[in-house]
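Please look over this structure with its aromatic side chains and one of its sheets in mind. A short report follows.

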Amino acid sequence: MFQVASSPHQHIRRTTSSVMQLVIMFALPGLAVQTFFFGWGSIIHLLIASLVAIATEALFLEVRKRPFEPAIKDCSALLTALLLAISIPPLAPWWISAIGAFFAIAIVKQLYGGLGFNLFNPAMAAYVMLLVSFPVQMTSWLPPQSLAEHQITFFDALSVIMTGFSTDGYSLLQLRNGIDGFTMATPLDTIKTDLSLSLTLQESMQKLTFSGASGVGWFWVNLAYLIGGIGLIRMRVISWHIPAGMLLSMGSFALIFYLINPDQYATPWLHWFSGATMLGAFFILTDPVSACTTNKGRIIFGATVGAWVYLIRVFGGYPDAIGFAVVIMNMAVPLIDYYTRPRVYGHQKANRSNK
Amino acid sequence: MHNVLERLKSGRTWDFPGGVHPVDFKTISNTTVIKRPSLPECLYLTVKQHIGLEGQIIVAPGDKVLKGQALTKNSHPLSVPVHAPTSGEVVAIAPHVSAHPSGIAEATLQIKPDGEDKWIDLTPLTNYQSLPKPELIEAICSAGIAGMGGAGFPTHIKVGVQKEVEYLIINGVECEPYITSDDRLMREHAWQIRQGIDVLTHILNPKHIIIAIEDNKPKAIEAMQVACQENRKYLVCSVPTKYPAGGEKQLIQMLLNKEVPSGGLPIDIGVLTHNVGTCYAIADAVFSGKPLIERVITLTGKALSKPGNVWALLGTPMSHLLDFAEYDVKKQKRGQRLIMGGPMMGFSLRSDHVPVVKVSNCLLVPTDSEIPLTEAEQACIRCGACADACPAGLLPQQLYWHSKAKELDKAQDYNLFDCIECGACAYVCPSQIPLVQYYRQAKATIREDEKEQIKAAKAKERFEARQARLEREKEAREEKHRLAAEARKKRAEATPVKDTADQIDDSVSESDPKAKVAAALARAKAKKLQSAPSNTESTEQPEKAQKSAAVQAAIARAKAKKEQQAQQTAEAKEETPSQKSAAVRAAIARAKAKKEAAQQNLEKPTAESNEPQDTSSQELEVSEMTAEEKKKARVAAAVAKATAKKEAERQEKERSDNSVAGEQAHNEPAQEVEASEMSAEEKKKARVAAAVAKAKAKKEAEQQEKESTDNSVSDEQSQSAPTQEVEVSEMTAEEKKKARVAAAVAKAKAKKQAERQAAQQNDIDNPEDKELTE
Amino acid sequence: MTAAIALIAVGILALVFGAILGFAAIRFKVESDPLVDQLDEVLPQTQCGQCGYPGCRPYAEAIANGDDINKCPPGGEATIKKLADMMGVEAVPLDAAHGEEDVTKVAYIREDECIGCTKCIVACPVDAIVGATRQMHTVITDECTGCDLCVAPCPVDCIDMIPVKQSAQNWRWDLNSIPIKEIS
């Protein structure tokens, strides 16, 4: 008896899991830099989130009577956990990432039908949920270690995450103090607060959080993600359209406002290299499931996310906005896809066939 | 226009979107010359080896054929013949597994080679330039040439286009991995390919000729350049290696930056493409008169110990080629796999008996590690890699969702039918989704659904037409009755009173109790008498049966005819449709008469129950269809059929009288009614009659002769009476009595009708009437 | 007073909008096939009567008048789905009382057994059987809807319903369900 299969018989040797693994690999430099500047918290959260995510995935697939082995092997849950862990403040309580990972996999992914069917980016939807539900824990970012009053060891981080206090008995609030003794916020947060206190941007930028044109540590974190992202593009894992669309749109918004009023609005440079910009542009927006699939659509998707991020950062109530922007635009993806169908060979116009 | 050529001359081409770069593995098979395997034991020539329609088989099993002899003839413009690849004997014409993805067996000519390989007389057309073009095209057609690149479109159709050809593209791209048959052919037979191009150029007279070869075949390019250097019009052009550059549409886009309109053909934009293999075959056909009986096929894959290209006779089973290339089964541990065509668009064979056909360009036998078996399909992660790879600019992912969900209209909305099934999307899919398979299924379903829709529409139309017809006939019938009634009234006033009763009898055929009952009675009696001896002489005599049955039928018909004539006479002043309606009525009358005859026939013996055997058989007849009964019925049916044949002859005669009824044979409900009664009655008759005494036969034969020669109405009744008398004379005493009564009734009836006839004759003065009667 | 004014104002507004609506209803009226026609289009037109109505159109009329949509075995699930769409009701499984969905079949007359009774000709709703009295009949396969109606009337049971043969032309790319017979 001869085996029968459908053509093509030859396949490129890249599977879903290898795609996911590549994305995870290329995010690792950024994670490393982040750990270097903000301590071990991210790694601990990564472990917690991964465990919860994989357990949840297995549980739900079992309940749905689907084989869970291939789903675990495809590493998509791991990637979601990674993105979530990176986005959470390093010393947030352990249950933050646990709840987040559970929500991401159970509600956002499996309830929508599993991999490929989720409308929203699981990590970002979970992040938004956490941010809205637990605003204090979710905004308690640490100062970069070089500027912090207390140095945090791995065990400190573990202890804070699990109990709320470091091995020396400091609370999270105390740990957030900078070397000047004040609680330090992220650069974007600092600017936002200062502008509301009628300081000019230049005055705000004098603070310790900043060095030169961007925030301490944050610049390097973003740079690491940028490099990782370029690697992904070169490996043809992601296309350049979404990151380019987002960065250009964000940059041009920032540039226009900066030119209008440099005292009030930060430079494009600052926007590009602070917060989760690069992580978002290369790793979060490019989640294939919840992003656009046509190239034109990808540019539009990236650009609108960029615009949303800028608008929320500058005019909204939150210092950073990748999560919100992504979730908002996820909803628009089917629409964008529908209207950006490429022109088909032999057809005069794009879109509908001449029926 | 000119910058297109300039650009190509300078070695640049355009690009098409998407495409993939699979590893090509061409060196497995392109390093050795084309070999020639031995003659296989048996050749299997599928009758249909190309797109279009199959030819008509013109040989029969047992025929001796010579090499190159046509085995089918092209009865349709879209068909091409197939030829005997070697001399031998046609051993069978039977279904044989086909070179089709489905493997469904198709009509196949099996030829056993005699080993002599003797050619039929060939007629080369070396002076082709002085021949009229249609003759050349005809030569190409009768050489059985169909596109050899893979699709197999009949070449003479493409060559015979009436439109102006601006660009003639010779496709030597061969973009699929593994395949090297065109590559080798160009290297070894560039000169003959050029001759083929010469012929094409002569026929089509294109403005430009481009020979496109992928840049991974430098030796083929070189060979073609050498062969084409004499003619400056021929531009050998190397195109970048990218799958599917060899697709007709993509090649045109690459070379000319033009697109074939959706649903259109390249000729719509003045382009025609031909495969190099086709050119070679054309040269063969024109310069040596050889039809297409062999082709180059690549035997490749790492499971073959001796891969390479071979000249394979069409119809050679794959198993023969596998033996030649030393197929090592052990290298395919996880199941045997044969792929006809390349790894991107080829299909799996279901048997190694599949024969080589005109479009087979490759047989790929990969090892397990070389081309892994398809893995389980995983969830689509919407990565969009497929859209990036699609050379047609489609969104494979959307097509996939819609095809999978059977939302076929939406799939069509996403231009499903512009998919060329190149497989680039499935090649890049990280989730191993067999996308192309989904599209093919969706396409096939859409096509079948469309066919079904057309069929449903047609069925609806036919149904409605039928309903309308039945309605119309019903109305016509009623109208006739009304008119007849009026005419009767009129006549009743005009003619003497004494005739009135008869007149009524005549015209109201359906409610003509006296006449009918009388006739029926007479026949029934006769019938009974017949059935009585049937027991005593129970040997079956089909011929007898026929005759007797025929007589009965004839009587009934005669009666009906007479009535019909009466009717027509009565409706003398009517328009033409009256004929038809008269026929209808006559038929109804006939049917009724027969029915009654049958009934009585059936009842009497049962009631008297003096013939148990007969009775039982008739009872069986009545209670329908137990298993054993069926058997009997069939036997009876066979007898009846014979009867029917004779009857048919008679009917023909009748029809000439009754032309409308004859024409509408199966449409006429009235006749159908009659017919339905017939079957039961007929069988009975047949069976009963089968046992009628031999002595009776002679007399009846005489009677019949008389009847058939003189079929005129007025005689019928008087004949029927004697017929019965004759029968009567041979019956036993008590039966005779009965028969006599019957005969008396019949005679009386006959007399009466004779009278009536006379009355009618008076009415038939009108010439128009006569016409109608005829 | 104000209440009265308010009432009058609301009344006038109501009138105006009513007039606009009425006008729009007439002006923008969409001409569409009557429902029965649309339903009839969807039915498979086998005229088999398995639904209990004498033909497809009568059933379409019955559906329009509220009969169940799951009485058409030849149409099967696909037809039920379309009917459900059209009638705005849930698609329900086929009512087994009316038969089961089956492969497409066509009638075939075993010609040497046919006695030429024409009963099947009368029964055929689409005139797909040709033949004359006492002449052998045959089915025009292309026109046969596979309705089964000719089988019962045949007195000698010489009509078979045979599934439409699968060929390379009507093959639906079902790679796994092809019966393979090894021929050697």
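Does Y318(A) count as buried, partly exposed or exposed? This is a predicted model. Y318(A) has 30% relative accessibility, so it counts as partly exposed. F324(A) has 17%, which is under the 20% limit, so F324(A) counts as buried.

**Aromatic rings**

Over all chains, the count comes to 30 aromatic pairs. In one case, the ring centres of Y318(A) and F324(A) lie 4.9 Å apart with the planes at 45°, so this pair is tilted. Chain A also holds an aromatic cluster made up of F36(A), F37(A), F38(A), W141(A) and W218(A).

The table gives two cases, with the distance taken to the ring centre.

| Charged residue | Ring | Distance to ring centre |
|---|---|---|
| R341(A) | Y338(A) | 5.4 Å |
| R440(B) | W173(C) | 4.2 Å |

**A sheet in chain B**

Five strands of chain B form an open sheet with mixed pairing. Their order is β12-β11-β15-β13-β14. β12 (308-313) and β14 (347-348) of chain B are the edge strands; each has a single partner, so one side of each lacks a neighbour in the sheet.

How many bridges join β11(B) to β12(B)? Six bridges do, and the two strands run antiparallel. β11 of chain B covers residues 294-300. T298(B) is placed opposite N309(B) of β12(B).

Helix α4 of chain B, residues 181-204, packs on this sheet. The helix touches β11 and β12 of chain B, and its direction makes about 125° with that of β11(B).

Technical notes: Residues numbered from 1 in each chain as written. Chains lettered and ligands numbered in written order. Predicted model: local features only at pLDDT ≥ 70, side-chain atom pairs only at ≥ 80, totals over all residues. Heavy atoms only, no water. Pairing = 2+ DSSP bridges. Helix = DSSP H or I, 4+ residues; strand = E, 2+ residues; numbered from the N terminus. Contact = heavy atoms within 4.5 Å. Axes fitted to C-alpha atoms, helices over the stretch in contact; angles between N-to-C directions. Phe/Tyr/Trp six-rings, centres within 6.5 Å; stacked < 30°, edge-to-face > 60°. Buried < 20%, exposed > 50% of the residue type's maximum accessible area, 1.4 Å probe, protein only. Lys NZ or Arg CZ within 6 Å of the ring centre and 35° of its normal.
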